[in-house]
Amino acid sequence: MSALTIFAVVLGVSITHVEIVHAAALSSLSDSQSSVKINTLSDHTIQFVTPTGVAAGQNITLTFPAGYTMGSFNVNNIDLATSTSATCSGFTDALVSSSASGLTWGVAQGSQTITITSGTAVIPANRCIQIEIGSNATSGATGVSQITNPATPGSYEILVAGSFTDTGSITTTIINDDTVAMTGTVPQSLTFTISTSTIYFGNLGSGAAKFASSTNTSGDTTETIAHTLGVSTNAPSGFALTVRGQTLTSQQNSANTISYIGASYASSTAGTEQFGIRATETGGTGVTVDQTFSGATSYGYDGTATTSALFATGSGATLTSTLSLRYLANISAITEAGTYAASLVYVATANF
């Protein structure tokens, strides 16, 4: 009888569960730069939608390709913001610092890569993330430096990655010059009009004032607007309007005149020789009637045949400024008889 020996062999089997994490593709990626000219400082506004989100302790990295000069790092140069949906609008800024702590994100830069790390803050899935880099980073403080574009024109790829597992890239195009220089000329303009060039006092008497009229050859016994002046210009420094001319002067004997009131305006006084003008202005911008002619109920004149008196000024460009002029004449009981006339010259000069 033979003996049967049975050996039992037990093999130990170790089973390990391996989880494979698949990176998700970012969407709606963009980088809006303040300049795409070669060798030029530029702000960057980077946006993308994360399908997975960012968990506490995870980070986001932005890697700029060779050619970009990152400059001196400062935490003020970076702003992080998120939206409440996958729509890239209505952003809320997050707290950032040089290191992550609680809800404050840590920001750091090494070589061509900017790393933004969460403390305990999270970004839910399907949110739009906005990262501002440069002087456009104004949350808390304003950025103090920008990134310099490459010296060679062409297409460059910025990589978005990090431990939050979603990845993507943004293509930027750098060109020789992003500025279109253009010029245009606005022609100079000055318009000056006088509504009528002939006005009348009629017969003058020492018992009452007379006022010149453009429609009544006998003049008026009550104040009336004799005529108007109109000035409009696009001159940046406005205009000056002057008047010159002799006072009312006898056509039979030029030595006989009706005295003008002078630079200090005065009210009408019957029985006293007076020649003066009063003006009001409407419609213009920054237009002032000189004080000699701007009395509420008073008149003035101090011009001569050869010397101009400032009548009105404009401080800048103006639509049509209308100046309404009233002329006063008074004589005394012994004012010499004769036909009296005056020719006043008004000149408008633009200050371009």
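Guide: Start with a term: two strands pair if DSSP finds at least two bridges between them. Note too that this is a predicted model.

Visitor: Which strand pairs with strand 21, and over how many bridges?
Guide: Strand 21 runs antiparallel to its partner, strand 23 (residues 309-314). Within this pair, Val287 has Gly314 of strand 23 as its bridge partner. The strands are strand 21 and strand 23, and the bridges joining them number 3.

Visitor: In what order do the 4 strands of the open sheet lie?
Guide: The pairing in this sheet is antiparallel. From one strand to the next, the twist averages 20°. The order is 21-23-17-26.

Visitor: Is strand 10 mostly covered or mostly open, and how many of its residues are buried?
Guide: Strand 10 spans residues 127-133. Buried here means under 20% relative accessible area. Strand 10 is mostly covered, and of its 7 residues the buried ones number 6.

Visitor: Which residues stand opposite Gln130 in strand 10?
Guide: Strand 3 (residues 44-50) is joined to strand 10 by 7 bridges, antiparallel. Strand 5 (residues 78-82) also pairs with strand 10 in the antiparallel sense, over 5 bridges. Opposite Gln130 stand Gln47 and Ala81.

Technical notes
Residues are numbered from 1 along each chain as its sequence is written. This is a predicted model: local features need pLDDT of at least 70, side-chain atom pairs count only at pLDDT 80 or more; totals for chains, interfaces and linings use all residues. Side-chain values use heavy atoms; hydrogens and water are left out. Buried means under 20% relative accessible area, exposed over 50%, partly exposed in between (1.4 Å probe, protein chains only). Helices (H or I, at least four residues) and strands (E, at least two) are DSSP runs, numbered from the N terminus. Axes are lines fitted to C-alpha atoms, for helices over the stretch in contact, and angles run from 0 to 180 degrees between N-to-C directions.
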